[in-house]
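Colleague: I'm new to this one. Could you walk me through it?

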Amino acid sequence: MTTAPQPTTPAQGDGDFTSTGPLLEVKDLHVEFHTKQGVAQAINGLNFTLEAGETLAILGESGSGKSVTAQTIMGILDMPPGHIAGGEIRYRGQDLLAMKPEQRRRLRGVNISMIFQDALSSLNPVLPVGWQIAEMFRVHQKMRRRPARQRAIELMKRVGIPAAEQRVGDYAHQFSGGMRQRIMIAMAIALDPDVLIADEPTTALDVTVQAQVMRLLKELQTENNMGLILITHDLGVVADVADKIAVMYAGRVMEAADVYEIYARPGHPYTKGLLESLPRIDAAGERLNAIPGLPPSLTDMPSGCPFSPRCPYATDLCRNEMPELLPIVGEHTSACHYREEMHRGHLQTPEEAQA
Amino acid sequence: MTGYIIRRLLQFVPVLIAATLIVYAMVFLMPGDPIRALSGDRPMSDAVQAQLRDQYNLDDPFLVQYGKYMWGVITQGDFGTTFQGRPVLDIIQQGLPVTLTLAAVAFGFQAIIGAIAGILAAVYKDSFIDRFVQVSLVIAVALPTLAIAFLLQLTFGLNLGWFPIAGIRDGFVSYILPGIVLAAVSTGIVARMLRSELIEALQSDYVRTATAKGMKRSRVVTRHGLRNSLIPVVTFLGADLATMMGGAIVVESVFNMPGLGGQVFRSIQAQENTIVVGIVTLFVLFYVVVNLLVDLLYAALDPRIRYD
């Protein structure tokens, strides 16, 4: 492991990648699940881009399609029942969805890597953790057992596991939650991937450990100039580490902007609702403003804007016509018919307007 | 670990005492008179009968008979003699290789065929292969052992002439049909167990991780999925190897093999107390030893289990 930032080069993967275009680009992605209850539209036209060294936080509540997005990019979505109904996922200009399965497999773990939420169930219970890390080198680099094990020990040290030499043969259940997540991270960064997807990496951890793990992720990202996709429902985590935020709702990006912009001037009523539902230190003792209602059923999407049934500002236009994700200023985009007013803070509810 | 093994070995003592006592009591309680059975239609003088009864302690109360027998076993390794005067140990030594070979063939069959069928059915879940495996397994499990035995004897022995249908004169080939019959039910159980275990493992988070690490599907299945699914299957196979001795009684009788199973069957009919107890004790010993090995293997396969 070197500590100096490295230039962005495609790691060990094969195939020539054009350096034009962003590191990762998702264009109009549609993913459906075919279930007995009907077709569940998990992702409905998702768009975002990720550059090297950048952290994009994908924010959303349960069922908004965050994890499906991650799994679709990784190519580990269970198909069936999952089905990619359309769109492109471009990695260095190449469409991952058009690749042959074998070509795609060679990218997994090497160029694009992923960390899962529950490290205990995501690590193999009957294989030593060192073996599981070393497997990356043994399979992808055809390294021999001993040097691979040595590299595994180095990685365990890098992610902050004490007494790595002694613990390399231990099993997942013998580690604490934070240490397990560090092992997951070691495994994911073993081959210096360009893109790291972290799916709720700290949700299962307690708060103090959460901060340590996030700091580690951030450090590693800077060292290796990785593009990091951080999937979370925790607005607190996002504010610390993200450069850009994409707010997802019902399988769509509702609003995307850089992190300061979105906290200061949300351009979508849903984002505003999320921010208002956060406990604040300067508003102690007041009741939290939770967003009323539940996300729509994926098998029975409302016509128009999917947030309209819960939106205090919704009008007939919202209920009939799906707003597109359009820019407000610069990189700040929002999928709201009233994004300009919202952004300026002038938007009124229909009741307020009548009064 | 050593402490655990010693504790387990000590448990053998009460198990063996109980097992021999029960078997001894059951043979003792059987109606009929072994000496009469021995003499058959020929007349036997009262003096000879009395001498035989004395020689085999038949007039002693049950517990005294049992005590004398166990004393002989423990102090001199003397498992007694048959009514014809042959040492029981001699009979065991003769029959044991046959039964062990039969058990090995059956065990190999159920482990290998069961595992292959289970893996194919799980990996190609809901495909034709899966359906085919499932249906054949239901048939194998549902058919009575005797029916399978006669069916195989008729088809592969008589009609096709591929395998001998009785005895062991042709060496290893003679063991194939009886081995399959002995293994049939367990092969089905192994395959179904492995299928459901592997299907569950393939949906687990750690298999998803292995896929996300860029491992080939074959490696994901064998190294990550199978490793976990095998744990309960190995346990079952071990326990089954131990109970196979009981199955050998039926199969050896049907295929007329000179093994311990057939011997037990004949000895029960002839009320040869000493042989039945000797062989059954051996079976019980085999069962507890194999079970101990299975428990140790279990700990080796699953690092989450520790004995101390």
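This is a predicted model: local features need pLDDT of at least 70, side-chain atom pairs count only at pLDDT 80 or more; totals for chains, interfaces and linings use all residues.

Colleague: What does UniProt list for residues 24–275 of chain A?

Modeller: The UniProt record has "domain: ABC transporter" there, from an unreviewed entry.

Colleague: And which feature does UniProt place at residues 96–298 of chain B?

Modeller: That one is "domain: ABC transmembrane type-1", which the record also gives as an unreviewed entry. In the model, residues 96–298 of chain B are 82% helix and 0% strand, with 28 Å between the end C-alpha atoms.

Colleague: How many helices and strands are in chain B?

Modeller: Chain B has 12 helices and zero strands. Going along the sequence, you get α-α-α-α-α-α-α-α-α-α-α-α.

Colleague: What does the C-alpha trace of chain B span along its principal axes?

Modeller: About 85 × 55 × 30 Å. Of the 308 residues in chain B, 35% are buried. If you take the contacts in chain B with a separation of 6 or more, 72% of them join residues 24 or more positions apart.

Colleague: Into which domains is chain B divided?

Modeller: Domain 1 covers 1–78 + 271–307, and domain 2 covers 95–268. Between them, 16 residues from domain 1 of chain B and 14 residues from domain 2 of chain B make the contact. On the domain 1 side, that contact has 13 nonpolar, one polar and two charged residues. The centres of the two domains of chain B, taken over C-alpha atoms, are 30 Å apart.

Colleague: Let's do helix packing. How do H5(B) and H8(B) cross?

Modeller: Their axes come within 6 Å and cross at roughly 30°. The crossing of H5(B) and H8(B) is right-handed. Their contact has 21 nonpolar, six polar and one charged residues.

Colleague: And at what angle do H11(B) and H12(B) cross?

Modeller: Roughly 145°, with the axes of H11(B) (residues 260–269) and H12(B) (residues 273–301) coming within 9 Å. The crossing of H11(B) and H12(B) is left-handed.

Colleague: Which residues make that contact between H11(B) and H12(B)?

Modeller: From H11(B), it's Leu260(B), Gln263(B), Val264(B), Ser267(B) and Ile268(B). H12(B) brings Ile275(B), Val276(B), Ile279(B) and Val280(B). By class, the contact of H11(B) with H12(B) has seven nonpolar, two polar and no charged residues.

Colleague: Switching to the two chains together: how many residues of chain A are in contact with chain B?

Modeller: 23 residues of chain A, which are in contact with 18 residues of chain B. On the chain A side, helix H2 (101–107), helix H3 (119–122) and helix H4 (129–140) each supply at least two residues. H4(A) has the largest share of that side, four residues. The chain A side divides into 12 nonpolar, six polar and five charged residues.

Colleague: Can we pick out a residue in H4(A)? What is Met136(A) in contact with?

Modeller: Met136(A) lies in helix H4 of chain A. Leaving aside neighbours within four places in sequence, Met136(A) is in contact with Gly109(A), Met187(A), Ala190(A), Leu191(A) and, from chain B, Lys213(B).

Colleague: Is Met136(A) buried or exposed?

Modeller: Met136(A) counts as buried because 26 other C-beta atoms are within 10 Å, and the cut-off for buried is 20 or more.

Colleague: Why does Asp126(B) count as exposed?

Modeller: Because Asp126(B) has 9 C-beta neighbours inside 10 Å, and a residue is exposed at 12 or fewer.

Terms used:
Residues are numbered from 1 along each chain as its sequence is written. Chains are lettered from A and ligands numbered from 1 in the order in which they are written. Domain bounds come from an automatic or database domain assignment. Two residues are in contact if their C-beta atoms, placed from the backbone, lie within 7 Å. Ala, Val, Leu, Ile, Met, Phe, Trp, Tyr, Cys and Pro count as nonpolar, Asp, Glu, Lys and Arg as charged, and the others, Gly among them, as polar. Axes are lines fitted to C-alpha atoms, for helices over the stretch in contact, and angles run from 0 to 180 degrees between N-to-C directions. A crossing is left-handed if the near helix is turned anticlockwise from the far one by less than a right angle, and right-handed if clockwise. UniProt positions are given in the numbering used here, feature names are shortened, and annotations may be inferred rather than shown by experiment.
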